[in-house]
Amino acid sequence: MTSVGIDAMEIWTGKLVLDLPNTFAPVKGEDPEKYTKGLGLHTSSFPDVYEDIVTMGANAAKKLMDRKGLTPADIGRIDVATESAFDNSKPVSTYIAGCLEQVYDGDFRHANKGERKFACIAGTQSLDDAYNWIKAGRNRGRAALVIATDTALYERGDPGEATQGAGAVAMLIDEDPDLVELSTEQGYGSMDETDFLKPNQQFPSVDGKRSMQVYLARMREALEDYESVAGRTHPDLFEYIPFHTPFPGMVRKAALLGFRHMTRDTDIEDDLEAEIGRQPREADFETWDDYEEAIRGYMDELKTTEQYRDWYGRVIEPTLDISSRVGNWYTGSVHIARLSALIAAADEGKEMTGKQLLVGSYGSGAQAEIHAETVQETWLDEIEAVDVDDQLAARTEISFDDYELIHDVHNHEKEIEVEEFTQPEAEFVFTGWGRMNERR
Ligand code: CAA
């Protein structure tokens with residue numbers, strides 16, 4: 001059967017940028033290194049006054065369609081993944097389709113549109129839905145557009161304020177993809193959790209520390225489930241492992257957990273035995289708590305080893321670059337982690353054709369999914385066409401006072417007039433909730 005996967009990607013960053021260690025931390029009375037070293041964040045993107053999830057999603061999709069020479073007739077499905085939706089009935093994909101129809105000949109009348117919600121994992125779930133739709137032969141030769149778009153804003157004063165961000169990722173899912181083929185095997189870890197939620201409210205209610213534990217627990221379960229269908233994993237099988245990245249510091253924890261899991265009963269565990277002993281085995285402990293404590297002790301030692309540091313530097317670190325410069329993009333976050341890795345590979349001149357990625361997606365509430373992807377022969381052309389550095393460099397820096405204004409502008413409960421910080425250039429702009437956005 002024909003291969004299916006991501007044919008191309010584009011991003012659209014919020015046009016404003018906030019310097020976290022130098023602008024945000026001092027006003028908050030915090031050590032800048034909490035951001036750079038602890039959370040792993042340097043700057044974050046914010047939407048200008050005229051940007052929202054619709055404009056950012058439509059602008060990313062237009063870039064993608066133009067680059068691939070597509071018209072609406074080529075697209076049979078538009079799914080938008082977001083956890084920043086403003087309409088409980090009409091899906092964001094219809095708003096985005098409306099924008100795109102202003103600039104292309106033809107319309108999306110015969111395309112299936114929807115909106116996927118499961119916190120940050122919804123981007124990957126939309127990818128899976130598009131994959132299944134094509135594999136089932138329902139696409140009639142057409143491709144699917146998956147758009148992950150979010151304004152990840154927290155209540156002012158919430159610890160999550162440090163990890164905000166805004167941007168969109170557009171992905172074209174098609175047969176014989178040019179970028180990565182998705183594997184059929186997936187693993188899930190899923191449980192009813194209430195550490196991060198937005199019941200009819202714009203800003204999330206978050207138990208930050210608990211949310212980190214839930215992320216790790218579900219990711220471990222997803223890895224075990226993945227191994228039950230795909231066979232044992234080994235760190236050397238994957239060139240990169242892009243994880244959902246709410247902030248890079250979270251991925252440092254997930255990576256250590258993954259490495260520990262993947263190395264048990266392997267040559268790497270044998271190599272490490274003299275230095276740090278073998279991994280604790282559950283059967284050797286009377287209680288789960290004792291076992292967990294022993295595992296934590298083992299992991300503290302594991303992270304200091306040459307083997308782990310070398311693997312982390314090669315397989316994980318390159319996935320974190322964009323995230324460290326844009327903050328959390330919620331549904332788009334794991335997809336910019338994949339993009340970061342492939343850009344790093346291109347910059348290093350690495351040959352990636354046929355190489356495997358293991359993608360770890362996560363959404364609060366909570367669910368993790370692990371799947372593998374195979375990089376395609378034409379990957380380099382696709383990656384070289386994406387202008388991440390140019391977009392990030394073109395952002396306009398804001399002061400702390402500007403940040404507070406922008407936060408208020410995007411607060412659905414406030415109605416304040418603030419002048420635009422930048423001028424839109426041939427792009428979609430926000431004209432009001434529930435209204436057709438314009439192109440200026
Ligand atoms: N130098 C170096 N490191 C420092 C430091 C300094 N001066 N000061 C603090 N740090 C380190 C801390 O030790 C900590 O690292 P460890 O976790 O490894 O110990 C890190 O910087 C963060 O510091 P704090 O724990 O003190 O930060 P905080 O109390 O302000 O909260 C947070 C951090 C809980 C992540 C908070 O930002 C938050 O609630 N974020 C939103 C929720 C979130 O992102 N959860 C992630 C999992 S859920 C998910 O993934 C879904 C999603 O997208 C939201």
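User: Which residues touch the most other members of the largest nonpolar core?

Analyst: The model is predicted: local features need pLDDT of at least 70, side-chain atom pairs count only at pLDDT 80 or more, and totals for chains, interfaces and linings use all residues. Residues are numbered from 1 along each chain as its sequence is written. A nonpolar core is a set of buried Ala, Val, Leu, Ile, Met, Phe, Trp, Tyr and Cys residues joined through C-beta atoms within 7 Å, where a residue is buried if 20 or more other C-beta atoms lie within 10 Å of its own, exposed if 12 or fewer, and partly exposed in between, with C-beta atoms placed from the backbone. The largest such core holds 120 residues, and those touching the most other members are Ala60, Ala61, Ile96, Ile147, Ala170 and Ile173.

User: Which helix gives the most to this core?

Analyst: Helices (H or I, at least four residues) and strands (E, at least two) are DSSP runs, numbered from the N terminus. The greatest contribution, eight residues, comes from residues 53-68, that is, helix α3.

User: Which residues does alanine 170 touch, not counting residues up to four places away in sequence?

Analyst: Two residues are in contact if their C-beta atoms, placed from the backbone, lie within 7 Å. With residues up to four places away in sequence left out, alanine 170 touches Met9, Glu10, Ala60, Ala61, Leu64, Leu145 and Ile147.

User: Is methionine 171 buried or exposed?

Analyst: Methionine 171 lies in strand β7 (residues 165-175). Its contacts, not counting residues up to four places away in sequence, are Ile6, Met9, Leu127, Val146 and His335. Methionine 9 is 162 residues apart from methionine 171 along the chain, yet their C-alpha atoms are separated by 4.5 Å. Because methionine 171 has 31 C-beta neighbours inside 10 Å, it counts as buried.

User: Why is helix α4 largely enclosed by the rest of the structure, and what covers its buried residues?

Analyst: Helix α4 (residues 92-101) is largely enclosed because seven of its 10 residues are buried. Those residues are Val92, Ser93, Tyr95, Ile96, Ala97, Cys99 and Leu100. Their cover includes α3, β4 (75-81), β5 (112-116), β6 (143-152) and β14 (428-429).

User: How are the buried residues of helix α15 placed around its axis, and what covers them?

Analyst: In helix α15 (residues 400-409), the buried residues include Tyr403, Ile406 and Val409. They cover an arc of only 120 degrees, taken over the directions from the helix axis to the C-beta atoms, which puts them on the same side of α15. Their cover includes β2 (16-19) and β3 (43-46).

User: Which strands stand at the edges of the open sheet of three strands?

Analyst: The order of this sheet is β3-β2-β13, with mixed pairing. One side of each edge strand is left without a neighbour in the sheet because each has a single partner strand, and the edge strands are β3 and β13 (396-397).

User: In which sense does β2 pair with β13, and how does β2 run to β3?

Analyst: Two strands pair if DSSP finds at least two bridges between them. Between β2 and β13 there are two bridges, in the parallel sense, and leucine 16 has threonine 396 as its bridge partner in β13. Valine 17 stands opposite serine 45 in β3.

User: Which residues come nearest to the ligand?

Analyst: A residue is near a molecule if its C-beta atom, placed from the backbone, lies within 6 Å of it. There are 27 residues around the ligand, and the nearest are Lys34, Gly38, Gly160, Gly208 and Pro246.

User: Which elements give two or more residues to the shell around the ligand?

Analyst: The residues of this shell divide into 13 nonpolar, nine polar and five charged. The elements that give two or more residues to it are α2 (32-39), α6 (208-230) and α7 (248-263).

User: What is the omega of the cis peptide bond between glycine 365 and alanine 366?

Analyst: Most residues other than glycine have a negative phi, and most peptide bonds are trans. Alanine 366 lies in the loop between β11 (356-363) and β12 (367-375). The bond joining glycine 365 to alanine 366 is cis, and its omega is about 5 degrees.

How values were computed
Ala, Val, Leu, Ile, Met, Phe, Trp, Tyr, Cys and Pro count as nonpolar, Asp, Glu, Lys and Arg as charged, and the others, Gly among them, as polar.
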